[in-house]
Amino acid sequence: MLYEIIRESKLAEPKVSAIVPVYNVINYIDETIESLLNQTLKDIEIILVDDGSSDGSFEKIMDYGDRFDNICVAKEPNAGPGMARNNGLSIAKGKYISFVDSDDILPERALEIMYEAAEKEQVGVVTGISVSFNSNRSWFIGGHYNKGVFKSGRKTLIQNPEMLYTLGPCNKLYLREVVQDIRFPDSIKVAEDHPFVIEAYLKAKSIYTVDEIIYNYRAREDEGDISLSQIVTSNPYVSFKDIIASIKLSDALLKEYVTNPVALQKIRVDYHDRIIATDIWPAYKGILLNGDAETQIKMFDAFRALIDSMDFHLFNNLGVFQRLLTFETINRYTFIKEKARPSYLRALRLAYEKLDPGSLNKLLSSDYPKEVRAGEKAAKRNSVKPIYNRLVARKLKSTISTGFEKVVVKNWKKLVGLSRNFYARRIAFPFYKLGKKERKIIFLTNKHDVLADSFKAVYDEIILQKPDYKVVGYLKQPQRTILELLKMYKDIATAEYIFLDDYYRQIYGLTLRKDSEVIQLWHAAGAFKKFGFSSIGYADSNTESFERDAHKNYSKVVVSSSEIVPFYAEAFDVDEKNVLPLGVPRTDRFFNDEYKAYIKNVFEGKYPALKNKKVITYAPTFRGGPGERQQFVMNLNIRRLAEQLGDEYVLVLKMHPSVVRGVGIPFDLQEFAFNMSNEDINDVLINTDILITDYSSVVFDFSIMEKPVLFYAYDLEDYLGERNFYYNYEEFVPGPIVRTNEELIGTIKANDFDLEKVRVFKERFFDDLDGNSAERIVKELIK
């Protein structure tokens, strides 16, 4: 785009070039320019680029150009703020670049604060705290505050994806070397800044956030005088169209700059989640509630194209997008024009085709499970009738069903003294078992509400190797309706393959069909403390009849090595020939160098105190029965460890999932100790240098990386009576056993570890150390 320099700045080597696009801002431009002229940092070049103003703004900035030597005035035909900023970049001479919108205000020390930080930290981008203001008040920007964007310190986009919530160009200072070859796209006017800022983040590599307010955004109050950023509410389709175009540009940049495939996968999820939640959502609601049929058609067709462009992993990590496409739209279905409804149905069908069982379970756990099911039926039948039925049923406060389910739903409450579970298990299940077996794979778990651990790894392989199978998941849910129970037991009764990862009470006592494969992918690796039939008779054990009901249907059990086949055969009372040493899928990530590099990078950004320190992780197992195990009595003296080891180490606490109370870190030790019980255990282990455990099977997973491990067994005798082990504990464990805090500290200080013992232990309990367990399981077991 052609531009003309009307007045040149007389500064030869400015420290900062502040670029201001100017378009019809006669009421605000004085305040903006005065805030720049009053900056405490000297040697600032102010570049005012007029974008074809017609209200006297150009004449106003010319007056400033005539009066101040450090002001440059340029002029271009109207092309939007992106092009004005591009032309300003072509003119700029400063070491650093700042963008300022022509109705906003900079605090007087803003540029000085950012300039000093940039020089001291030697980073490519500096950011700070922004506030919005109007004539009555000022306030923090919610998205920035809630996502932790204001947190000061050194960052990168991969380590700190919250920076995606500050993609406006104006509250930042850029090293000119970083941005001199980057340009704002000239084809869009809304979200045109996102690709520019994302590329700047990625090229800069390091970002620094200062703990100061450095920018004031004006929220215009006159409805007839809105800013470009307020177009979303006034003209939602213009906004929507540009945002979709911006997504394509930004996604291409992420693929270009992020070379680690695991990091790329994650940052794409973070980016799409942010853009859909904060930009697409408002535009979508505007079009849905106020748009005409043609506009709605364009929107739904664009949604379908966006879904089609996403791989399974990306789409199934975008919960906000899934909610938008399903119950958020179904709840507003009457606003969709008749002509646009087929377009919505096409987008809905593709969305349900891509949903994995975990994502569907999350939707069903929302406040609108019936709407989610109605959408699923509509997609399956290629008909909007189920949506109509749901809306009518909701209005009438009644439930519409068909066939066998209709009879049960209508009458189950009337049948004396019996629960809905009884009907589903004792009446419906035997009836469904008479049906034909289907090409269907089911995942059953009460451990997670999404596909996680080994289930996730196996599911991903099924999608690759066996795309012709229907995959269904019944994951952790607080409660299921009678219809959902019926559907679950129908799927269990007719499935070709059923995967479990633990006890699953919903099938206790049932006799599943003989031609179904029921595969137990037990959640723990190796064989440590006794469980199942092996633990009968100990304090923390079940009865024999309970274990019989729980395990009687297994046709295959997957374990990590040949050595432990007899133990699992005994624990589940299955023939040894059906216990297969194919590996533990969730440990595959320990063999993925790209994944480990990504996780280390992320943890360093999330927990800066870990940097340049050795990480000790304490990961004990639970104690006692179901009630007792929720409370953990901490025998580890965190303060003593901090006093003795704090200069060289940090401590991470990773409690067993059963433990919900009893883990606290004193306030003055929170730079030494971190409770990471909510983090994925394998991710924590990847970042661990020394593991402290007791009787937990986590030692098997950790041994893969051949790092030091020690065993804090202060209550060994009590635990022997509670559970006991498959091996002699003191001869079995691959590291020192300590009974006191002083012994523990002394062992760490002396570095008294035998890594050869850990290596032998690893090879003993893993037959295949190749990271291909999930691939092997699917290839061997699903024929």
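Biologist: Let's start with strand pairing. Which residue in S10 is the bridge partner of arginine 154?

Modeller: Happy to begin there. In this predicted model, arginine 154 has tyrosine 208 of S10 as its bridge partner. Strand S8, residues 153-155, is joined to S10 by 3 bridges, and the two run antiparallel.

Biologist: And which residue of S10 stands opposite valine 126?

Modeller: Tyrosine 208 stands opposite valine 126. Here the strands are S6, residues 125-133, and S10, joined by 8 bridges and running parallel. You can follow S10 in the picture with a parallel pairing to S6 and an antiparallel pairing to S8.

Biologist: Where is lysine 205, and what is its phi?

Modeller: Lysine 205 sits in the loop between helix H7 (193-204) and S10. Its phi is near 70°, a positive value in a residue other than glycine. As a general idea, most residues other than glycine have a negative phi. Lysine 205 also counts as exposed, at 65% relative accessibility.

Biologist: What is the phi of glutamine 122, and which loop holds that residue?

Modeller: Glutamine 122 has a phi near 55°, again positive in a residue other than glycine. It is found in the loop between helix H4 (110-121) and S6. With a relative accessible area of 58%, glutamine 122 is exposed.

Biologist: Let's move to a glycine. Is glycine 291 buried or exposed?

Modeller: Glycine 291 is buried, because its relative accessibility is 11% and the cut-off for buried is under 20%. It lies in the loop between helix H10 (261-290) and helix H11 (293-309). Beyond its neighbours within four places in sequence, glycine 291 is in contact with Gly286, Gln296 and Lys337.

Biologist: How far is glycine 291 from leucine 744?

Modeller: Their C-alpha atoms are separated by 68 Å, and the two residues are 453 apart along the chain.

Biologist: What is the strand order of the open sheet of 6 strands?

Modeller: The order is S19-S18-S17-S20-S21-S22, with parallel pairing. To find the edges, look for strands that pair on one side only: these are S19 (673-675) and S22 (737-738). Inside the order, S17 (residues 614-618) and S20 (residues 690-693) run parallel and are joined by 3 bridges. One point to pick out is isoleucine 616, whose bridge partner in S20 is isoleucine 690.

Biologist: Now the whole chain. How many helices and strands are there?

Modeller: The chain has 32 helices and 22 strands. Its C-alpha atoms fill a box of roughly 95 × 70 × 45 Å along the principal axes.

Biologist: What share of contacts between residues at least 6 apart in sequence join residues at least 24 apart?

Modeller: That share is 76%.

Biologist: Lastly, what can I read about the surface and the charges?

Modeller: The accessible surface comes to about 33500 Å², and 49% of it belongs to carbon and sulfur atoms. There are 107 positive and 112 negative charges, with mean positions 9 Å apart.

How values were computed:
Residues numbered from 1 in each chain as written. Predicted model: local features only at pLDDT ≥ 70, side-chain atom pairs only at ≥ 80, totals over all residues. Heavy atoms only, no water. Pairing = 2+ DSSP bridges. Helix = DSSP H or I, 4+ residues; strand = E, 2+ residues; numbered from the N terminus. Contact = heavy atoms within 4.5 Å. Areas by Shrake-Rupley, 256 points an atom, 1.4 Å probe, with all protein chains shown as cover. Lys, Arg positive; Asp, Glu negative; His and termini not counted. Charge placed at Lys NZ, Arg CZ, Asp CG, Glu CD. Buried < 20%, exposed > 50% of the residue type's maximum accessible area, 1.4 Å probe, protein only.
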